[in-house]
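Subject: Structure handover

Hello,

Here is the structure I said I would pass on. Please open it alongside this email, as my notes on what was found follow below.

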Amino acid sequence: MANPLSNPLPLPVSWKECKLRGWSSLDILLVTGDAYIDHPSFGVAVIGRLLEKAGYKVAILSQPRYDTADDFTSFPSPQLFCGITAGNLDSIVANYTGNGKVRDTDSYSDRGNPWRSDNQVKTERRRPDRASLIYTSLAKSAFKGVPIVLGGIEASLRRFVHYDYKQDKLRSSFLTDAKADLIVYGMGEKAILTVAKRCHELTGLHDITGTCERLTDRELQELYPEIDTRINKSRQFLILPSFKEITADKQYFLEAEIDIDRHARAYSRRIVFQRQQTHWVVQHPASKPLPPEELDALYQLPYTRRPHPKHLDIPAFRMIKDSVTIVRGCSGNCSFCAITRHQGPTIVSRTPQSVYQECEDISRMDTFSGTISDLGGPTANLFGTKCAIGSCKKHDCLYPKLCPNLQIDEDIFLKLLKDVSGIKGVSHLFISSGLRMELLLKTPKLLEKIISDHTPGSLKIAPEHTEDDVLCLMHKEPHELLQRFIKKCRAIGQRRKKNVELTPYIITSHPGSTVGHVKDMTVSLQKQGLKVRKFQDFTPSPGTLSTAMFVTGLSPGSNKPIPVPRNSAERKKQRKILEETFQKSSSHNHFRLRQKKKRWK
C-alpha cells in the first residue's frame with residue numbers, strides 16, 4: 001500500500017474527472033453495482049488499480065441508472081473494453097433474502113439505502129436484479145462494437161446453467177443470456193491483464209486462461225474439429241450436460257455441478273463445454289493462483305482506502321475500512337459456500353512483511369481509531385498453511401478430518417499478531433474472519449492467544465449444525481469436533497480466569513434437514529451451554545453443491561432422495577424452533593439480570 005500521506009487520487013468516476021487528468025480518450029470503463037470504494041476488499045477497486053498500474057486509462061461507473069443509457073453515454077466509448085460486475089455480491093443475494101423477500105437495506109450503497117428516491121418516494125433499486133445482464137444491455141447500446149467483459153462473483157458463479165432462487169427456475173449461462181464477449185471467472189487479475197493486452201494489440205479474445213467465451217455450432221466445429229459433442233466422456237475435454245438435458249431431467253443438474261466442482265478443485269487443464277440454448281459456453285483452464293509476492297503487490301497498489309468523495313456513508317466500508325486480508329483461497333469446500341468455486345482451493349498467504357506494512361500505513365491514516373478490525377480472509381487461520389506434497393487433485397484439506405499433508409505454521413501467525421500489535425497507534429487487533437475449529441485445536445498456543453487478546457467480544461464459530469447426517473451433506477466435520485472445541489476453550493478460560501463466550505453460526509433448512517433435526521440440534525446446543533444469536537435459512541445461491549441438492553432433492557454421490565424444505569412455511573417452521581428456544585432463553589436471562597441489578601441497588 002502507498003504511504004497514505006501521499007494522498008493518491010481515486011479512479012475517476014465521470015468524464016469530467018477524466019478530463020481534469022488531461023485525458024482525451026478512455027481505455028477501459030468498469031461498471032459496478034456497488035458504490036465505488038477504493039479499498040482492496042472491493043473487487044472493482046483491485047482490478048481498476050491493477051489496470052491503472054499497467055498504464056491504461058481507467059474510469060469507474062458505479063450504480064448507474066438502468067432506465068436509460070445516459071450514465072453510460074456520459075463517457076466516450078472505451079478504446080479497449082467495458083468491464084461489468086454486479087459488485088461484491090450476486091445481485092439477487094444482495095436484493096432478496098433466501099425466501100425471496102425484498103431486502104430493505106444494501107450494505108454496499110450510500111447510507112445502506114438500496115433505493116433511489118425522488119421526493120422521499122422509492123423509485124428503483126440502485127442495483128438491478130441480475131445486474132450483469134442489465135448493464136451489458138445498456139453498455140452494448142451505448143458503445144457499439146466495444147467488447148463487453150463480465151467479471152465478479154455474479155458472472156463467475158452464473159457462467160454455466162444455474163438456479164435462480166428468486167425466479168425459482170434454471171437459467172442459461174449469463175454469458176449467452178447477456179450476449180457478452182467474455183466472462184472472466186474466479187480471481188481475475190491475470191486474465192484481465194491479458195484481455196486488455198489482446199484488445200490493445202487487436203489479436204482477438206479466444207483461448208484466454210481464466211475466461212469463458214461463447215461460440216456458435218459453426219465456430220465450435222471450426223475451432224475444435226476434434227470434439228464430438230455426442231460423447232459426454234472425454235480425456236481431452238469435459239462436456240457438461242446441456243441446458244436442454246438439465247431442464248428435462250434435473251438429475252443432470254447435480255451431475256453437472258459435481259463435475260464442475262471436481263474439475264475446479266483439481267485445477268484440471270481440460271477445456272469445459274456446455275451447450276446452452278443457441279450457443280456453447282467454452283471455459284478455458286483456470287488462471288494459476290497468484291504467488292505470495294504478486295498477492296503482496298496487489299495490496300500495495302495506491303488505494304485511498306476510502307469511498308469516492310461522491311459517496312456518503314457506506315455500511316460495508318465501515319465494517320472493513322481498517323481490516324487487512326492476509327490469505328486467499330479456501331480448501332474447506334463447504335457444500336453451501338461458493339468461496340472455493342470463486343477464489344479457488346489453493347491457499348496463498350501474503351508475506352508477514354507486506355501485512356505489517358499495510359497495518360503500519362493504516363495506523364498513520366487520519367481516520368484510524370486505534371483498532372485493526374481484522375487480519376483475515378475466507379478462513380483466517382489457514383494463513384501460513386502449506387501442502388507437504390505440493391498439491392493434489394482433491395484439494396480437500398479439512399474434511400472429513402485434517403489431511404496429514406497439511407502443514408500448519410502456528411508460529412508465523414503468532415509472530416504476525418505480536419508484530420502488528422506492537423505498531424505505534426494500534427491499541428487493539430482483532431481476528432473477525434472465520435476460524436476453523438479443527439485447525440485451532442491443532443494450534444493451542446494460537447487459540448489461547450486469540451481468545452485472550454484478539455477476540456472482539458465473543459469468539460465466532462461456525463458449526464452450521466449439530467446433526468451428523470446434515471453435517472455430512474454440508475461437507476462439515478462431525479458434531480464431536482464442536483464438543484472437543486468447546487471443552488478446550490473452557491479449559492483455557494478456567495486457566496486464565498476469563499469467561500470465554502462462543503457465538504455459534506447456524507444454518508437452518510439446509511437440504512437434508514428436517515424438523516426433527518432442528519429439535520435435536522436445540523437440545524445439543526443447550527447441553528453445550530451455547531446461545532444461538534446468529535442463524536439464517538439456507539439460501540440456494542448459484543454455484544454450490546447445496547443448491548444442486550435443493551433443486552434435485554438428491555444427495556451428491558449416492559443420488560439418494562433427501563428431504564428438502566422448499567417453501568417459506570417449511571423453512572419458517574424450522575427457524576421458529578430455534579427462535580422460540582433461544583429467544584425465550586435470552587428473555588429469561590435478561591429478566592434474571594434485571595432482578596440482580598435491583599438487588600444490587
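Strand β1 (residues 28–32) runs parallel to β3, and 5 bridges join the two. Strands here are DSSP runs of E with at least two residues, helices are runs of H or I with at least four, and both are numbered from the N terminus. Two strands pair if DSSP finds at least two bridges between them. Within this pairing, Ile 28 stands opposite Val 58 in β3.

Before going further, note that this is a predicted model, in which local features need pLDDT of at least 70 and side-chain atom pairs count only at pLDDT 80 or more, while totals for chains, interfaces and linings use all residues. Residues are numbered from 1 along each chain as its sequence is written, and side-chain values use heavy atoms, with hydrogens and water left out.

Both β1 and β3 belong to an open sheet of 9 strands with mixed pairing, in the order β3-β1-β4-β7-β10-β11-β14-β13-β12. The edges are β3 (58–62) and β12 (237–239); each has a single partner strand, so one side of each is left without a neighbour in the sheet. From one strand to the next, the twist averages 25°. Helix α5 (residues 131–142) packs on this sheet and touches β1, β4 (81–85) and β7 (148–150). The direction of α5 makes about 160° with that of β4. Contact means heavy atoms within 4.5 Å; axes are lines fitted to C-alpha atoms, for helices over the stretch in contact, and angles run from 0 to 180 degrees between N-to-C directions.

There is also an open sheet of 3 strands, β24-β25-β26, with parallel pairing. Its edge strands, β24 (459–464) and β26 (534–537), each pair on one side only. Here the twist averages 20° from one strand to the next. β24 pairs with strand β25 (residues 502–508) over 4 bridges, in the parallel sense, and Leu 459 has Leu 502 in β25 as its bridge partner. Helix α20 lies across β24 and β25, at about 165° to β24.

α20 (residues 479–496) also meets helix α18 (residues 444–453): their axes come within 11 Å and cross at roughly 60°. That makes α18 oblique to α20 (under 35 degrees counts as roughly parallel, over 145 as roughly antiparallel, 65 to 115 as roughly perpendicular, and the rest as oblique). Among the residues in contact are Leu 447 and Ile 451 in α18, and Phe 485 and Ile 492 in α20. By class, this contact has 6 nonpolar, 1 polar and 4 charged residues (Ala, Val, Leu, Ile, Met, Phe, Trp, Tyr, Cys and Pro count as nonpolar, Asp, Glu, Lys and Arg as charged, and the others, Gly among them, as polar).

Another helix pair is α11 (residues 251–265) with α22 (residues 545–552), packed at an angle of about 170° with axes 9 Å apart. The two are therefore roughly antiparallel to each other. Residues that meet include Phe 253 and Leu 254 in α11, and Ala 548 and Val 551 in α22. This contact has 6 nonpolar, 3 polar and 2 charged residues.

Finally, a search of the whole structure finds 8 aromatic pairs (rings of Phe, Tyr and Trp, its six-membered ring, with centres within 6.5 Å; planes under 30 degrees apart count as stacked, over 60 as edge-to-face and the rest as tilted). The ring centres of Phe 42 and Tyr 108 are 6.1 Å apart and the planes are at 80°, so the pair is edge-to-face. Phe 42 and Tyr 108 are 66 residues apart, and the pair links distant parts of the chain.

Regards
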